[in-house]
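Subject: Two-chain model for you to look over

Hello,

Here is the structure we spoke about. Please open it first, then read my notes below.

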Amino acid sequence: MTHFIDRRLNPKGKSLGNRQRFIRRARAQIRDAVQKSLKDSAVADLAKDRKIKISAKGTREPRFRLDPKSSGEQDFVLPGNKEFTPGDEIKKPPKGEDGARGKQASDSGEGEDDFEFTMSEEEVLDIFFEDLELPNLVRTTLKETPSRTWRRAGITTSGSPTQINLLRTMRNSYGRRLALKRPSLKDVAVLEAQLEAGERIDPQTPETQEQVAALKEQLAKVNSKRKWIAFVDPIDVRFNSFTEQPIPTSQAVMFCLMDVSGSMGEREKDLAKRFYMLLHLFLKRRYKKVDVVFIRHTHDAQEVDEREFFYSRQSGGTVVSTALDKMLEIQRERYATADWNIYAAQASDGYTQSGDARRCVDMLNGEIMPLCQYYAYIEILDEREMEVFASEDSGAELWRAYRTVCELWPNFATKRISRPSDIFPVFRELFKKAEA
Amino acid sequence: MATPLFTEAEWDFATLDRTLKAIEDIALNDLKLDIYPNQIEVISSEQMLDAYSSFGMPLMYNHWSFGKLFAREETMYRAGHSALAYEIVINSNPCISYLLEENTMTMQALVIAHAAFGHNHFFKNNYLFRQWTNAEGIHDYLAFSKRYISACEERYGRDEVEAVLDSAHAIMNQGVFRYRRPPRPSRERVLEKRRRREEYQDETYNELWRTLPANATPPAAPVRDPDDDNFSDEAKLPEENLLYFLEKYSPVLKPWQRETLRIVRNLAQYFYPQRQTKVMNEGCATFVHFTIMNLLYDRGLIGEGSIFEFLHSHTSVIFQPEFDDRRYYGLNPYALGYAMMADIRRICEKPTDEDREWFPQFAGSGDFMAALKDAWANYRDESFIEQFLSPKVMRDFRLFGLHDKADDATYKVSAIHNENGYRRVRATLARQYDAGASDPDIQVVGADLKGSRKLYLEHRMNRGVPLHHPTMELVKTHIERLWGHDVALEEIADI
């Protein structure tokens with residue numbers, strides 16, 4: 001009997017294993033292609049499926065095939081004759097060009113063509129972030145006194161009385177009592193009632209006396225059996241067991257600081273935003289538990305949510321140190337160094353109120369850097385400035401000030417960005433996986 | 001007149017059921033087809049792409065090349081460059097056909113007639129499939145191979161397994177027995193038993209046996225087949241099946257690698273009949289669906305709208321662009337197969353004098369199904385064309401033969417569709433469909449097992465056509481990997 005089977009609801013992604021194998025196989029080429037394709041596109045487009053073109057080289061599947069073009073002869077038949085008669089000669093298409101004629105033999109052959117296919121966002125990001133790592137992600141909590149928690153770990157036969165598992169204990173006890181036939185209170189009550197009735201019989205005959213004696217004996221036996229077989233025996237007792245477990249570590253908080261003041265133009269903001277978006281994607285993807293705190297500042301700093309941070313505008317003067325203050329405040333409130341790895345990334349155009357740079361450096365050296373695993377400072381310049389400040393040493397006030405911090409702390413990094421195309425390389429350089 | 005089976009384009013399972021019954025009635029009672037039981041499955045487009053990329057089989061071991069194919073197909077499909085097949089059918093018992101959920105009801109009817117009856121009849125009756133494939137066992141075997149390959153991946157690592165599969169795939173086309181059955185099937189069974197035994201041992205492996213005193217032997221220690229050492233008697237050279245040869249005699253392969261080669265070889269053998277019967281298989285299925293759909297229409301079971309939709313799709317399926325058309329991509333097997341079979345029907349029913357002269361056996365016999373069933377059962381593409389391609393079909397297709405010599409600057413027209421040319425065109429076309437002639441003929445001719453361990457291969461050229469050299473070198477590397485030592489490939493000219 002024929003029947004229809006509806007397979008549409010079967011689990012999807014049956015070919016996923018094969019796809020992963022393919023991507024793994026062509027890894028090197030795909031990586032190059034992804035890098036190239038990302039370089040030319042806006043960061044906002046990062047989180048999209050994209051077409052990837054790789055050369056077919058690494059994934060070639062060679063087979064033996066014939067090459068009738070090089071020598072030898074063959075006959076073949078074609079449809080659609082219009083004017084030919086036997087003996088006619090037809091010019092061959094020039095070599096190298098795969099004309100319509102004589103294609104039969106090359107169907108199975110693979111060309112050297114590029115191979116194009118679509119990669120999902122996940123796959124693209126995986127490859128892009130493959131060799132990047134948040135620097136110095138020390139497991140602080142393991143290094144120092146690790147915080148621990150108690151976890152249930154089943155049932156044991158020993159433990160503290162407060163942890164007795166009543167249900168288990170009583171179950172064992174009941175089973176044991178059943179197995180050993182411990183007389184119940186009901187049994188005792190029945191016997192006692194019989195005895196009482198027997199004693200009350202008047203006049204007592206030898207027969208009844210005998211019965212009473214037998215009942216007394218039986219009652220004594222039952223009572224003593226109840227004594228031998230305890231209601232709850234030590235072997236019945238079960239305890240809940242707990243073990244200590246370390247709390248999962250490697251949680252990190254990333255402070256994103258950005259100057260949104262008037263001195264930051266539309267273009268600068270856009271670049272900074274792109275950098276953070278990339279960073280944000282990276283963090284969300286790379287680490288299980290990462291908190292991100294967005295702090296924007298003008299002459300005054302505030303903590304905002306992601307949307308605000310990237311999309312809303314504000315104007316005002318520039319006091320960078322307010323953002324650092326805010327960051328410290330939030331850190332003290334919510335992110336104890338014992339449990340959190342602290343990272344910070346700051347973007348600015350390099351201008352701040354005169355004298356403020358000094359204060360920033362003091363704060364960094366004194367308070368912030370000892371807390372931070374890593375601090376990245378991105379300075380956004382326009383292209384003319386970039387040429388002027390070709391050397392690392394020259395720059396705006398904040399840049400020069402931060403250079404001194406750089407020398408003191410190996411986990412402090414400064415980079416300059418002037419074009420969208422700078423962002424990827426700089427990002428990669430900042431978050432390069434540590435050697436070894 | 002009966003009421004139509006359906007009037008809407010949308011399908012549902014009740015309508016499918018009704019339609020299937022009507023089609024089955026025609027197929028079994030009018031056409032008297034002989035089929036495996038059907039199992040028809042409705043699948044989504046993603047599942048169809050999936051099936052595409054793993055040889056069209058429901059179960060397949062994992063390999064990156066399937067992933068690559070899937071990625072390509074998917075991109076093409078999403079970009080709208082290619083449409084999906086309406087169906088996929090598997091040569092198995094029960095015969096599984098996949099229907100695409102996006103088909104309209106008319107298309108579903110077409111596809112059921114085409115796959116579940118046309119292809120199904122062909123699979124069950126054609127001598128190649130009967131002799132070479134095991135329709136009962138294929139699913140179990142695929143399930144086994146999938147399990148086996150993934151177990152190997154787990155045990156020996158993905159890279160190791162991938163390397164063997166890559167190499168085996170490279171000579172898959174040289175992994176079939178073209179002219180004979182595998183030698184000594186009894187030995188095959190011995191190996192099969194050994195494989196089962198190993199599997200069983202793996203499953204029942206018990207750490208306790210290791211704790212026994214040293215002189216106690218664990219039960220069922222693997223027995224080494226004494227035949228393995230006896231090369232010269234055993235190997236009957238030359239050997240056309242490279243995979244078989246490597247599986248049996250490669251000095252370096254481990255048992256699981258041999259088993260892997262064997263899996264690839266069995267698959268190659270399973271698909272070999274399909275490669276040899278493209279025209280017939282598709283022609284048979286197309287002829288059957290055309291006949292059934294028309295009978296449905298004649299009996300009022302499908303409406304005018306349906307029959308027009310059907311004809312539209314049918315004619316695009318059997319469309320044959322001419323050689324100078326931009327769309328030309330070789331002869332369309334659907335077109336050629338269908339045209340030849342429809343012509344056989346015409347010859348049986350309304351023969352001309354020409355037909356009587358060319359096909360005296362069945363011209364005018366009236367019973368076209370008898371003639372067709374005989375053809376479906378006993379021929380493959382090459383012999384079918386050689387035997388049944390009629391002058392009328394050659395004229396309709398305006399077939400002409402070209403002679404191509406690599407050194408010449410021109411092709412020479414060798415024959416056209418005229419009285420003098422029919423036989424020549426037909427013979428040329430038949431040869432074109434001979435898988436034995438279009439695949440390079442590569443054989444193992446010797447192996448120096450005592451000395452250098454070099455393996456000697458020969459390519460016997462057909463009319464002086466050599467192998468494509470760059471790919472040949474690559475394939476040779478793969479063979480060297482499986483053989484473990486040098487491989488020499490010599491090309492023997494025949495002219």
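pLDDT is the predictor's confidence in each residue, from 0 to 100. This is a predicted model, in which local features need pLDDT of at least 70, side-chain atom pairs count only at pLDDT 80 or more, and totals for chains, interfaces and linings use all residues. Residues are numbered from 1 along each chain as its sequence is written, and chains are lettered from A and ligands numbered from 1 in the order in which they are written.

Confidence in chain A

The average pLDDT of chain A is 77, and 79% of its residues score at least 70. Helices here (H or I, at least four residues) and strands (E, at least two) are DSSP runs, numbered from the N terminus. Within chain A, confidence is highest in helix α5 (residues 166-179), at 93, and lowest in helix α4 (residues 140-143), at a mean of 39. Two residues are in contact if their C-beta atoms, placed from the backbone, lie within 7 Å. Residues 97-112 of chain A stay under 50 in pLDDT, with 26 contacts beyond four places in sequence. Residues 136-145 of chain A also stay under 50, and the model has 23 such contacts for them.

The contact between the chains

Chain A puts 59 residues into the contact and chain B puts in 79. On the chain A side, the elements giving two or more residues are β1 (3-6), α1 (16-25), β3 (73-78), β4 (89-91) and β5 (114-119).

A sheet across both chains

Two strands pair if DSSP finds at least two bridges between them. Four strands make an open sheet in the order β3(A)-β4(B)-β5(B)-β4(A), with antiparallel pairing. β3 and β4 of chain A are at the edges with a single partner strand each, so one side of each has no neighbour in the sheet. Neighbouring strands are turned by 30° against each other on average, direction ignored. Axes are lines fitted to C-alpha atoms, for helices over the stretch in contact, and angles run from 0 to 180 degrees between N-to-C directions.

β4(A) pairs with β5 (residues 410-416) of chain B in the antiparallel sense, over three bridges. A:Ile90 stands opposite B:Tyr411. A:Lys91 has B:Thr410 as its bridge partner. Helix α19 (residues 422-432) of chain B packs on this sheet. It touches β3 of chain A, plus β4 (400-405) and β5 of chain B, and its direction makes about 105° with that of β3(A).

A helix in chain B

A residue is buried if 20 or more other C-beta atoms lie within 10 Å of its own, exposed if 12 or fewer, and partly exposed in between; C-beta atoms are placed from the backbone. In helix α3(B), the buried residues include B:Trp64, B:Phe66, B:Leu69, B:Phe70 and B:Glu74. Their cover includes α1 and β5 of chain A, together with α2 (45-53) and α7 (158-170) of chain B.

A sheet within chain B

Three strands form an open sheet in the order β6-β7-β8, with mixed pairing. β6 (441-447) and β8 (487-492) stand at its edges, each with a single partner strand, so one side of each lacks a neighbour in the sheet. β6(B) and β7 (residues 455-460) run antiparallel, joined by six bridges. B:Gln443 has B:Glu458 as its bridge partner in β7(B). Helix α21 (residues 469-483) lies across β7 and β8 of chain B, at about 135° to β8(B).

Best wishes
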